[in-house]
Amino acid sequence: KWINSTSPQDTLIVYYAGHGISKDGEFYFIPSDADIEDSFTWISFKRLKSYINEIRKIIWLIDACYSGSIVKGRPLRAVKIQKEAFEIEGEQVIITSSTGNEISQEMPDGSGGIFTVALVEALKGDADSDKDGWIESGELYEYVKEKVIKLSEG
């Protein structure tokens, strides 16, 4: 086992900020030490997911170019949300910084990815739109989406 879960109720949060690429409809994480010319050094989303398949509840937060290709072509169903960059698959939530054919944007001042800046604000409590003390996946998505639109100027 790659990650040991102590209980079926455990939730794993996978956050990735870095390079990504979509090739043949598959999303790949490109680590900083990878060779962009050698796909053997890339890590496919499908492969990473197989390492942690024993954990049912996973929240994927991915700030990488082309990361929306993870959910491309799948029927997306979430409460009042229909967007390529958000999916609920069983008990997994996937929120990505871009669609499958978009490059993720950085902050103009170099302080990081726009998605990550919005995500940090959201998790500090700004996304709790109903003020119940909990940030639900829909609230998180809506806050990050609106903040990214604002920070990226559309």
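Visitor: Where is V93 found?

Guide: V93 sits in strand β7 (residues 92–96). Helices and strands here are DSSP runs, numbered from the N terminus: a helix is H or I with at least four residues, a strand is E with at least two.

Visitor: Is V93 buried or exposed?

Guide: Here's the general idea: buried means under 20% relative accessible area, exposed over 50%, and partly exposed in between, using a 1.4 Å probe on protein chains only. V93 has a relative accessible area of 12%, so V93 is buried. Residues are numbered from 1 along each chain as its sequence is written, and side-chain values use heavy atoms, with hydrogens and water left out.

Visitor: What does the protein chain average in pLDDT?

Guide: pLDDT is the predictor's confidence in each residue, from 0 to 100. The protein chain averages 81, and 83% of the residues score at least 70. Confidence is highest in helix α2 (residues 114–126), at a mean of 94, and lowest in strand β6 (residues 86–89), at 48. Over residues 73–88 the pLDDT is below 50, yet this stretch has 41 contacts in the model beyond near neighbours in sequence. A contact means heavy atoms within 4.5 Å. Where pLDDT is low, the predicted coordinates should not be read in detail.

Visitor: How many helices and strands are there in the protein chain?

Guide: You'll find 3 helices and 7 strands. Starting at the N terminus, the order is β-β-β-β-α-β-β-β-α-α. The protein chain has 154 residues, and 42% of them are buried. Among its contacts with a separation of 6 or more, 56% join residues 24 or more positions apart.

Visitor: Which residues is D63 in contact with, leaving aside its neighbours within four places in sequence?

Guide: D63 belongs to strand β5 (residues 57–63). Its contacts are Y16, A17, G18, S97, S104, G113, F115 and T116. D63 counts as buried because its relative accessibility is 6%.

Visitor: What does the side chain of D63 make with the side chain of S97?

Guide: That pair makes a polar contact, at 3.4 Å. The term covers a pair of N or O atoms within 3.5 Å; within protein, one must be able to donate a hydrogen and the other to accept it, and residues adjacent in sequence count only if both atoms are side-chain atoms.

Visitor: What about L151, where is its place?

Guide: L151 is in helix α3, and it counts as partly exposed at 26% relative accessibility. Not counting residues up to four places away in sequence, L151 touches M107, I114 and V117. The C-alpha atoms of L151 and F115 are separated by 9.1 Å, while the two residues are 36 residues apart along the chain.

Visitor: Which phi does Y66 have?

Guide: Most residues other than glycine have a negative phi, and most peptide bonds are trans. Y66 has a positive phi of about 65°, although it is not a glycine. You can find Y66 in the loop between β5 and β6, and it counts as partly exposed at 26% relative accessibility. K131 also isn't a glycine, and has a positive phi of about 55°. K131 is in the loop between α2 and α3, where it is exposed, with a relative accessible area of 64%.

Methods
This is a predicted model: local features need pLDDT of at least 70, side-chain atom pairs count only at pLDDT 80 or more; totals for chains, interfaces and linings use all residues.
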